[in-house]
Amino acid sequence: MNNKLQAKDLINVGIFSAIYLVVLMAVAMLGYIPVFIPLLSVLVPIVGGIPFMLFLTKVKKFGMVWIMAIIMGIVMLILGMGVWVLPIGIVTGLICELILKSGNYASSKKSVLVSGVFSMSIFGNYLPMFIARDSYFETMRSGYGNEYVNALTNYMPEWSWLLLLAACFISGIAGGLLGKAVLKKHFKKAGIA
Amino acid sequence: MMANEILQSVSTGKRFKLDPRTKMLMVITISTVIIGGGNGGLMNIAKPLLAAVPLLMLITSRRSRAAIAYTAIYILCFAGERLLVPITSGFLNFLIVACCGMLTRFLPGIMMGYFLVTTTTVSEFTAAMERMHMPRQITIPLSVMFRFFPTVGEEMAAINDAMKMRGITFANPMRMLEYRLVPMLMCSVKIGEELSAAALTRGLGAPVKRTNICEVGFHIQDMFAILICIFGFAAFFSSRIIS
Amino acid sequence: MIELRQVSFRYEQARQENGLRDVNLTIGDGEVILLCGESGCGKTTLTRLVNGLIPHFWGGDLNGEVLIDGVKINEMPLYETAKIVGSVFQNPRSQFFNVDTDSEIAFGCENQGLPEEEIRKRVETNVKQYSLEPLMGRSIFELSGGEKQKIACASVSACDPDILVLDEPTANLDARATAALRRMLLLWKAQGKTIIIAEHRLYFLRDIADRIVYMNQGRIETVFTHENFISLGAEKLENMGLRPLSLNELQCHIKQPVQTNENLVFSDFRFSYKNGKPVLDIDKLNISEGASVAVIGHNGAGKSTFARCLCGLERKCGGKLLGQANVKGRKQRLKCCFMVMQDVNHQLFTESVLDEVLLSMEEENEEQAEEILKGLDLQELKEQHPMALSGGQKQRVAIASAIASKREIILFDEPTSGLDLRHMREVAANLWQLNAMGKTVFVVTHDPEFILSCCTYVVHMEQGYVIAQYPLDTNGTARMLSFFQDTADKPADLEGMVMM
């Protein structure tokens, strides 16, 4: 079989990218309430797992998931969410491809794993917050003093970024399992997966 | 019917158009420098300047509502930080610090992004990407994504209507998710198939370089904007080196 | 010249369309060929052989040869075939690749890598030739179905292919848009292009097609010349499962409505878009309960908006339905109306037909559900996933869930677009069945034959108003048919032949 990506494959990537983006934006609406912002790292991968697993059933060649991650990065960039989703997406996307290839694009366990890895690119949206935090807390030091800033860092400690990243991954796995169940219940039965 | 699109379908204004590549550079510059930048030295000039750029852009493109909202929220956060932080404590204090701080840093980038998205058409964006020699493995899925995004919205609206009509309510969140996503995905796959067939029978995928009749290019206003970006990055790096 | 020699094809995955068996056909340059037959006869499959989608897009077992000017198509890559064969499909909503009209028309040429100047010239020529100026510089999402099809045709013609393949292009179009497509076909024919068109609606091709190929179960059964086909007569056509060729040949069955004295009064149905443009403005509308009402009017008249408002789906519409005992506002109407949508895929949610019916019930009753399925000939499919069924079967599942909901008012939005004769009659029978149960039925439709088969009353809308309403007795039938005969085009094109 031809291993180069054909126009049909590229169109599929575009379609599922659009769907994933819609899911992302719909869930991100909750982000208007600031407390829910960390929650997005859990909700987006879970809900997004359903379309993502359907997408993976159409991925039989190298490159499709990688391109999807890159496209997500480009869209986040032009929306002003920062440049970080793109480089993180390039890395996670490549890892996804290697995992899928090792399973010959036919292993459902590896698909679930890929769902987890892919979801980590969402973390790119949070990274600016951690970068900003450092410099922001620095400015506060001069105004409010060391003790105050140290108290603040308790709420958002150094390692909290790791927690968020892990949340993305684990939720991605959960989304993958959820997607697998929906595949079986609906898409396979209807003949489109 | 209002189609919710990411980029525009048709051009809205003609005066002083900026090339999409310039706009992208501006978004990158503003978000990077303001979010990650240090303080002191050139940054004292660069940061307010870059924060004002989206405001200027929004005003010149007649997006007054967005411009007013931007200014209002910015002022609110600024004031909130000055006034509320000294008088609160504990988690609430952290929350206010986090919100105000985050917003003042993120808002300029997001507003610049909003400007990009509301003043650039899909054709212009794709043409700019192709000029940057982005491979077609990226430009084709990107165009399809922009084209399909509103369609997903349309499908979901129709499905929502069907759910309302049949009286399917918010019993179980898992069920709701199932009922909202499954029909949408089925319809999307079918539309995708038809879209592919229609594109392939018009020659998509030929091993030649695609032409694009949309006109994009750099003009004097782009040079001006790029200069500001260079200044911004210069300030950014110099402050990094100093600290 | 196109040649199909001993072609047999079987789809890789089981599909609704049949394959082909022993197809032999030669099409000369500049000929216009109409492929017709019942659903599943293989006409779509044959078009796919000519434009190369088989075997490059739809995989399967292909035997025999398909040659264009002596070159085997199946050995050409699709993008090469695309240069000589242009394709127009039936769904306007899924054909466009770009979001604006200018880019869409240029799309095919851009894919070939033609120089910019050349493309601009071609776009301009095509726009002028087909009078598309008012559509330029607009978002495709805003266009109507007919306008989208025009852009699709222009996009294909900009590549200047010698052969054009159209697969049921008018399935989702109304009479006006169909007439516009007919004009395009005439232009193409005058340019000497070879045209292959698969269709259910035959009337608009009456004087365009040179030969008519009648297919049945994957084989070519008969090839008629233009004269022979026209002289067949309505009865023969019906036996072949084909729609009549002209309005005059329609049989009028005058249906007796269920006699009731109850009246439904719809009052104050008004709706406008955000930009203030009013779409619907109905002061008062009286309908007898138990009627089977056809809602007719040109596209844009507000028919679908009326159906949606009636159903309670439009929040901004504050109309009231006054029944015998009570007044129903929007929320109550949501509970007493059921709509079978134009795209049934939007309203099927579960993983089995039985579950789908049970979903509509306030209290699940499997016995009752099975009874309903039996009445619609669906009991054998009860464990199947609704999305795996054919279009007609899905529609019956939606009707089953309508019955199960026990609601009194049932609405249908264009239930027969793209259906062949037999399936149209089936839908009419189902609708009549609903009426016999005492339900009031509203049908938004462009299909006069369908209306005559199952409706008792007509509501004619124009620009948001109800401009006429009448029962379908002898006079009413004549009025209804004259609406469909009026193509609202320039007199030069009027042939008195517009009909469904």
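How many residues of chain C are in contact with chain A?

## Basis and chain C

The model is predicted: local features need pLDDT of at least 70, side-chain atom pairs count only at pLDDT 80 or more, and totals for chains, interfaces and linings use all residues. Residues are numbered from 1 along each chain as its sequence is written, with chains lettered from A and ligands numbered from 1 in the order in which they are written.

Chain C has 4 residues in contact with 5 residues of chain A, where contact means C-beta atoms, placed from the backbone, within 7 Å. On the side of chain C, 2 of these are nonpolar, 1 is polar and 1 is charged (nonpolar: Ala, Val, Leu, Ile, Met, Phe, Trp, Tyr, Cys and Pro; charged: Asp, Glu, Lys and Arg; polar: the others, Gly among them).

## Chains A and B

Between chains A and B, the contact takes 44 residues from chain A and 52 residues from chain B. The side of chain A that touches chain B has 33 nonpolar, 10 polar and 1 charged residues.

## Domains of chain B

Chain B is divided into domain 1 (20-120 + 216-242) and domain 2 (135-200), with bounds from an automatic or database domain assignment. Taken over C-alpha atoms, the centres of the two domains are separated by 34 Å.

Methods:
Contact = placed C-beta atoms within 7 Å.
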